[in-house]
Structures are given as structure tokens and as C-alpha cells.
Amino acid sequence: MTPAVIGIDLGGTNCRAALVGTGGRIGEIRRRPTEMVRGYDAWLAELVAGLEELLRQGEGLGLKVAAVGMGAPGLISGDGTVVASPNLPHLDGRPLAVDLAARLKRPVTVANDANASAWGEALFGAGREFNSFLAVTLGTGVGGGLVLNRRLWLGADGAAGEVGHWTVVPGGRLCGCGNRGCLEQYASARALAVSARERIAAGEASALAAIPAAELTSRQVGEAARRGDALALGVLEEAGGYLGQVLGGVANLLNLDGAVIAGGAVESFDLMQPAILRALRQHAFPVSGRRMSVVPGRLGDEAGILGAAALAGLSEQF
Ligand SMILES: [Zn+2]
């Protein structure tokens with residue numbers, strides 16, 4: 001039988017899973033909404049039922065599914081316990097890996113979702129060309145994962161690489177972490193919409209002013225920028241500038257080969273790139289700033305699934 005693992009990307013909105021073999025993904029990605037209103041146990045039972053279906057499908061394909069890997073939002077300890085998950089508070093304190101392993105009768109690895117995505121890009125995507133890089137995910141929040149010398153660097157508590165909470169505006173917008181002015185509040189997909197709304201409210205002219213404020217999305221900001229809308233271009237330039245400022249600090253500290261930018265806002269990467277590079281070169285020591293390539297992620301939604309699968313044990317065979 002061919003060895004395989006299941007890779008899962010648990011997000012605040014959706015949970016996606018797929019069978020993954022030594023060459024990458026096998027079969028289609030299954031997606032279900034992340035429903036936790038009925039509590040942890042009910043959610044876990046539904047998740048397990050879905051995964052058992054996937055295991056049966058794997059058996060039918062002649063696969064030996066040896067393990068399960070999951071990327072989940074929040075701070076995850078080395079044994080796969082969710083220490084804290086601001087977006088999915090029902091998971092707080094839950095030994096997710098142990099609970100899943102007991103039900104699925106297989107080893108289960110649970111890692112932070114940004115770390116899983118970074119590892120996916122390292123093995124299968126834009127990170128393959130780098131020995132050491134930072135992966136930054138611009139989604140609902142800003143996640144970060146650090147690969148040093150081709151190994152994921154987790155830090156003492158699994159909290160390494162959290163550049164989303166790097167202060168870029170002292171005293172600025174309040175962040176979910178309790179600090180003010182974190183990068184996440186200026187460069188996440190959600191923040192792009194917030195920045196656009198602020199500029200519209202301040203009287204800046206834009207085609208986006210016709211959209212009800214509550215419905216404005218980062219995608220609309222990106223589309224308007226592509227049509228040359230000055231307000232939208234200003235929002236992306238500002239976000240790119242803050243991101244570049246942080247990358248400059250990271251470059252000074254670690255002299256990395258690269259940064260891989262992924263997540264929902266990456267569809268506007270080309271529009272942000274000039275501002276990112278300008279700020280990176282401004283803030284970094286010249287040799288480190290020149291060394292760091294800043295590239296978009298290549299795997300899109302699949303980075304987390306592939307990375308989680310690899311962390312679950314097939315990595316040495318890839
Ligand atoms: Zn923060």
C-alpha cells in the first residue's frame with residue numbers, strides 16, 4: 001500500500017482536508033464550515049466523521065493513511081494542545097492532537113496554521129528556492145512562520161515568527177492581542193478594508209465611497225486599485241510600506257534569503273510590491289535588504305494542507 005497522510009487546514013470560517021502522498025496532494029480538497037456554536041465536543045464529533053470518510057476513501061485508493069496533520073489558528077504547544085485561539089475560543093486549552101488521535105487511532109500532529117503554511121511553501125512552493133525565509137500570511141489576521149536552514153523555527157513556546165504583532169504605529173489601532181499599532185491592524189486583508197473606510201470617512205474621493213461601508217472588502221480595494229483608484233492605491237501602498245518596514249527589521253535580525261507573502265491579500269501583491277521593497281531597503285542594513293527577495297506564495301489555499309501533512313510525518317520522504 002502507498003503511504004499517505006491527511007492534511008487539514010482549520011480556519012475560522014472553513015475547515016479543509018485532503019489526502020496527501022509523497023508527491024503532494026492526492027484527490028480533491030474537502031471543505032466544511034467551521035461550526036463551533038454547539039461547543040467543542042459536537043464540533044470534534046463532526047470533524048471525526050468527515051475524516052473517517054476521507055480515511056475510507058484513502059483505503060479505496062489503496063493508500064495506507066499513517067497519520068494526520070492539522071494547522072490550526074492560535075498558539076499551539078508542542079504536544080498539539082491549543083493554548084489560546086483568539087478566532088476559535090472553543091479550542092482554548094483543548095488537547096486537540098490527543099483527542100483526534102484517540103478517535104482516529106493514528107498519530108495526529110497539530111501545529112499553528114501560519115507555521116504549517118510556511119512549511120508547505122518551504123517544501124512545495126515559493127520557499128523551495130530559499131535556505132531561510134519568513135512566510136507572511138495576509139488573511140483575516142497576519143500570520144508568520146519562520147524557516148531557518150530548511151527547518152521550521154517554532155521558538156520556546158511555538159510563538160516564533162508572529163510578525164503580525166510587530167508594532168508599526170506606536171499608539172495606533174487597537175489589536176486583538178492587547179497592543180496598539182500591530183502590523184496586523186494595517187496589512188491584513190481585513191485591515192485594507194478598514195483603512196479604505198477611514199479614508200472615505202475623512203473625505204478622500206474614491207469609487208469605493210459608493211459601496212456601503214459595512215460591505216467593503218479587501219478584494220474590492222484591490223480591484224479599485226487595479227483600475228487606478230487613488231484611495232485604493234494609497235491603502236495598498238501604506239500596507240505594503242508597513243510590511244516592508246517589518247521585513248527590514250527581520251532582515252536586520254536574521255539576514256534571510258527571502259520572504260514569501262501569502263494569504264487572501266496576495267492577489268494585490270504586485271500592487272504592494274514597490275512599497276514593500278522601498279520600505280525594506282529603507283529600513284534594512286543594505287546588504288541584508290538587498291539579499292532578501294520578496295515573492296508571492298505559490299500554493300494559495302493548499303499551503304496549509306500540504307504543510308500540515310508534511311509536519312505529520314512524511315517530510316523526510318518528500
Ligand atoms: Zn497585535
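For my notes on helix pairs: axes are lines fitted to C-alpha atoms, for helices over the stretch in contact, and angles run from 0 to 180 degrees between N-to-C directions. With that in hand, I opened this predicted model.

**Entry 1: α5 and α7**

I looked up helix α5 (residues 189-201) and helix α7 (residues 230-254) to begin with. They pack at an angle of about 130°, and their axes are 10 Å apart. I therefore put α5 and α7 down as oblique to each other. Their crossing is right-handed.

Who makes the contact? On the α5 side I noted Leu 192, Ser 195, Ala 196, Arg 199 and Ile 200. On the α7 side I found Leu 231, Gly 234, Val 235, Leu 236, Glu 238 and Ala 239. Sorted by class, the contact of α5 with α7 has seven nonpolar, two polar and two charged residues.

**Entry 2: α6 and α7**

I stayed with α7 and checked helix α6 (residues 218-226) against it. The axes of α6 and α7 come within 7 Å and cross at roughly 115°. Angles of 65 to 115 degrees count as roughly perpendicular, so I wrote α6 and α7 down as roughly perpendicular to each other. The crossing of α6 and α7 is left-handed.

From α6, the contact takes Val 221, Gly 222, Ala 224 and Ala 225. From α7, it takes Ala 232, Leu 233, Val 235 and Leu 236. Val 235 and Leu 236 of α7 had already turned up in my list for α5.

**Entry 3: the domains**

Next I wanted to know how the protein chain is divided. Domain 1 covers 2-119 + 301-317, and domain 2 covers 130-296. I have the C-alpha centres of domain 1 and domain 2 at 27 Å apart. Eight residues from domain 1 and 16 residues from domain 2 take part in the contact.

**Entry 4: the sheet with β1**

I then traced an open sheet of five strands, in the order β3-β2-β1-β4-β7, and its pairing is mixed. Which strands stand at the edges? They are β3 (24-33) and β7 (108-112). Each has a single partner strand, so one side of each is left without a neighbour in the sheet. From one strand to the next, the twist averages 20°.

Inside this sheet I followed strand β1 (residues 2-10) and strand β4 (residues 63-72), which run parallel and are joined by eight bridges. Thr 2 stands opposite Leu 63 in β4.

Helix α2 (residues 96-104) packs on the sheet, where I saw it touching β4 and β7. The direction of α2 makes about 150° with that of β7. Helix α3 (residues 113-124) lies across β1, β3, β4 and β7, and I have it running at about 100° to β7.

**Entry 5: the sheet with β8**

I found another open sheet of five strands, with the order β10-β9-β8-β11-β12 and mixed pairing. Here β10 (151-153) and β12 (293-296) stand at the edges. I noted a single partner strand for each, so one side of each is left without a neighbour in the sheet. On average, neighbouring strands of this sheet are turned by 25° against each other, direction ignored.

How many bridges pair strand β8 (residues 133-138) with strand β11 (residues 258-262)? I have five, in the parallel sense. Thr 137 stands opposite Ala 262 in β11.

How values were computed: Residues numbered from 1 in each chain as written. Predicted model: local features only at pLDDT ≥ 70, side-chain atom pairs only at ≥ 80, totals over all residues. Heavy atoms only, no water. Pairing = 2+ DSSP bridges. Helix = DSSP H or I, 4+ residues; strand = E, 2+ residues; numbered from the N terminus. Contact = heavy atoms within 4.5 Å. Parallel < 35°, antiparallel > 145°, perpendicular 65-115°, else oblique. Left-handed = near helix turned anticlockwise from the far one by under 90°. Nonpolar A, V, L, I, M, F, W, Y, C, P; charged D, E, K, R; others polar. Domains from an automatic or database assignment.
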